[in-house]
Amino acid sequence: MQQATPDPPLLDVEALTVCYRARAGLVHAVSDVSFQLGQGETLAIVGESGSGKSTTGLAIMGLLPTDRRTIVHGAIRLTSKSGSVNDVLRLADRERRRVRGNDIAMIFQDPMSSLNPIYSIGSQIVEAVEQHRRVARREAIADALRLLGQLGVPSPDRILASYPHQLSGGMRQRVMIAIALSCRPRALIADEPTTALDVTIQAQILALLKRVQRETAMAVVFITHNLSVVAEVADRIVVMYAGRIVEAGPVREVFKSPRMPYTRSLLRSLPRLGHVPRSGEPLEAIPGNVPSPLALPSGCTFHPRCPHQVAGVCDGLMPGLERCAPNRLVRCARWREID
Amino acid sequence: MMKNWRFLAGASIVVAVMAVAAVAPILAPYEPNKSSVFMLETPSATHWLGTDELGRDILSRLIYGARTSLVIGIGAAGVALLIGAPIGLAGGYFRGRIDLLIVPVIDLFVAMPALILALIITVMVGPSHKNLILVLGFVMWPTMARLVRGQALVIREATYIEAAVAAGGTSAWIIRRHVWPNIMRLVAAQIAIAVSLATITAASLSFLGLGIPPPTADWGGMVRSGFDYLALNPAMSLAPGAATTITVLGFYLGGSAVE
């Protein structure tokens, strides 16, 4: 039955849970993660290594292993170009392939190894175009040239004829972005796309992504552990810790007044420009380590490292994700008390 | 690149043997299968390497033997590739149950001595050109499959494979376009080694009387027939023996130069 609702979000992740059966027990990589993403929006998923942010990205692409050891629950609804809404997790292989690259594309962390060393850049872009669109080779090449031009690549024709090892990291990442954009996807998953690059190149790539996004109204999921990158690119932020969302909201608000102690610590552990440290003043760090997913602490998974933890409150039950402001969520038993 | 000389030496030998095989009719002074009344002659100006027990010119048979040797060797390596590569690719790329099935089969074959296995099968199917190629190919496919599987296992983990999956490629397409071409270099080397192995195994089978049926000139058979007349004319055995050794060495050097 058709309902007169506003447009569904482009990407709707609902209660996503990913577990791996390991020899030592069940490993919860991602637990009950939900978020929505509208057209032209950028969502940053932030967390330490092992927080489940990359697994979330892979799940959206349908790239998780399909063996019996991997258990995936929840739904990932994607509105395709044709307007139909599909649950990526329940698509048949054939349909899933049609979605990949076409409706939703991905760029990876390491531009060094995400290009096949034995093919020229041109043939790799052309191949991506031909994967989903029926075009003549010449047209595909023209498309590739235009794309590279758009991405600010000097003399694109020369780049097309080069091989991956002849290009710099920044150039390769541009090529990867060109490949990802070649079928004009509606959403892009960027898994630490600038981590392997120099800071100056990082800034260029980020600016580039932002521009492309503005021009195409593409939605972007930006997976990163780099908070300064988040401030630069994202509209909304989702902070993950040990496989769960611990805080979510508009970037500005979260950065200005973080509610969850973990987010606070994260933000405080950033070196600030303009803040001159007294000599010997250490940079603040979060004590302890991310818990092993095999032995998660009881209650709030962050409480062993939390400066605000109270025995009997934080180590009892896992706090739920609460709405602390109109569009903000926080998972902390004591968020009302601490300030 | 320290192995460059090995590749060059191997390639030169292979090219030379191929050239001899290609122009055999021009090079050979006599018809290889034409017998004469001059039997078991020792080397002379008219018959450089002498004649065999049927009065056939040994040099001519040696030259034509290159053809037989190459056809068998390359043919067998081709059969091994045709069987081994798809199986290795399937096991290495998909892993899981297919691989669990493939690995023990490969191990089983690899554990058995190729010559003995080839001997038994040849006894069962009977010696002929075609059978020899098929049998040798069948005996050698597991080595090929093992190499391809190992490489496929490595390549499938590369980010560009993940990227290809993320771009919506089918498994068959990804294997054909991204996995196989990255393995091909090593496979080419393995083919050369397989040719050398097939050549020597074929010669051994011929020597045991289970190889190429007469009257086709083939080196293994020539070594065998010359064996009875070693005291009279050593070249009768030694020349085809040396030819086999050099050819095998050529392919092996060329193949093993590629790591």
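In which sense do strand 1 and strand 4 of chain A pair, and over how many bridges? The pairing is antiparallel and extends over 8 bridges. The legends below describe close-up views of a predicted model.

**Figure 1. Strand 1 of chain A with its partners, strand 2 and strand 4 of chain A.** Strand 4 covers residues 70–79 and pairs with strand 1 in the antiparallel sense. Leu11(A) has Leu78(A) in strand 4 as its bridge partner. Strand 1 (residues 11–22) also runs antiparallel to strand 2 (residues 25–37), and 9 bridges join these two. Within strand 2, Val27(A) is the residue opposite Tyr20(A). The link from strand 1 to strand 2 is a hairpin of 2 residues. Strands of a sheet pair through backbone hydrogen bonds, in a parallel or an antiparallel arrangement.

**Figure 2. The open sheet of 8 strands in chain A.** The strand order is 6-7-8-3-9-10-12-11, and the pairing is mixed. Strand 6 (104–107) and strand 11 (322–325) are the edge strands; each has a single partner strand, so one side of each lacks a neighbour in the sheet. From one strand to the next, the twist averages 25°. Strand 7 (residues 187–191) and strand 8 (residues 219–224) of chain A run parallel and are joined by 5 bridges. Asp191(A) lies opposite Ile223(A) of strand 8.

**Figure 3. Helix 3 and helix 6 of chain A.** The axes of helix 3 (residues 121–132) and helix 6 (residues 169–181) come within 8 Å and cross at roughly 25°. Because angles under 35 degrees count as roughly parallel, helix 3 of chain A is roughly parallel to helix 6 of chain A. The crossing of these two helices is right-handed. Helix 3 contributes Ile121(A), Gln124(A), Ile125(A) and Ala128(A), which meet Val175(A), Ala178(A) and Ile179(A) of helix 6. This contact between helix 3 and helix 6 of chain A comprises 6 nonpolar residues, 1 polar residue and no charged residues.

**Figure 4. Helix 9 and helix 10 of chain B.** Helix 9 (residues 219–226) packs on helix 10 (residues 235–256) at an angle of about 155°, and the axes are 7 Å apart. Helix 9 of chain B is therefore roughly antiparallel to helix 10 of chain B. Their crossing is left-handed. On the helix 9 side the residues in contact are Trp219(B), Met222(B), Val223(B) and Gly226(B). They meet Met236(B), Ser237(B), Pro240(B), Gly241(B), Ala243(B) and Thr244(B) of helix 10. By class, the contact of helix 9 with helix 10 of chain B has 6 nonpolar and 4 polar residues, with no charged residues.

**Figure 5. The contact between chain B and chain A.** Chain B supplies 15 residues to the contact and chain A supplies 20 residues. On the side of chain B that touches chain A, helix 7 (159–166) and helix 8 (171–207) each supply at least two residues. Helix 7 of chain B gives the most to this side, with 6 residues. The residues on this side of chain B are 7 nonpolar, 7 polar and 1 charged.

**Figure 6. Chain A, for orientation of the views above.** Chain A has 10 helices and 12 strands. Its radius of gyration is 21 Å, close to the 20 Å that the globule rule gives for 339 residues, so chain A is as compact as a globular protein of that length. Taken along the principal axes, the C-alpha atoms of chain A fill a box of roughly 70 × 60 × 45 Å.

Notes. Residues numbered from 1 in each chain as written. Chains lettered and ligands numbered in written order. Predicted model: local features only at pLDDT ≥ 70, side-chain atom pairs only at ≥ 80, totals over all residues. Axes fitted to C-alpha atoms, helices over the stretch in contact; angles between N-to-C directions. Helix = DSSP H or I, 4+ residues; strand = E, 2+ residues; numbered from the N terminus. Parallel < 35°, antiparallel > 145°, perpendicular 65-115°, else oblique. Left-handed = near helix turned anticlockwise from the far one by under 90°. Contact = placed C-beta atoms within 7 Å. Nonpolar A, V, L, I, M, F, W, Y, C, P; charged D, E, K, R; others polar. Pairing = 2+ DSSP bridges. Rg over C-alpha atoms; globule rule 2.2 N^0.38 Å.
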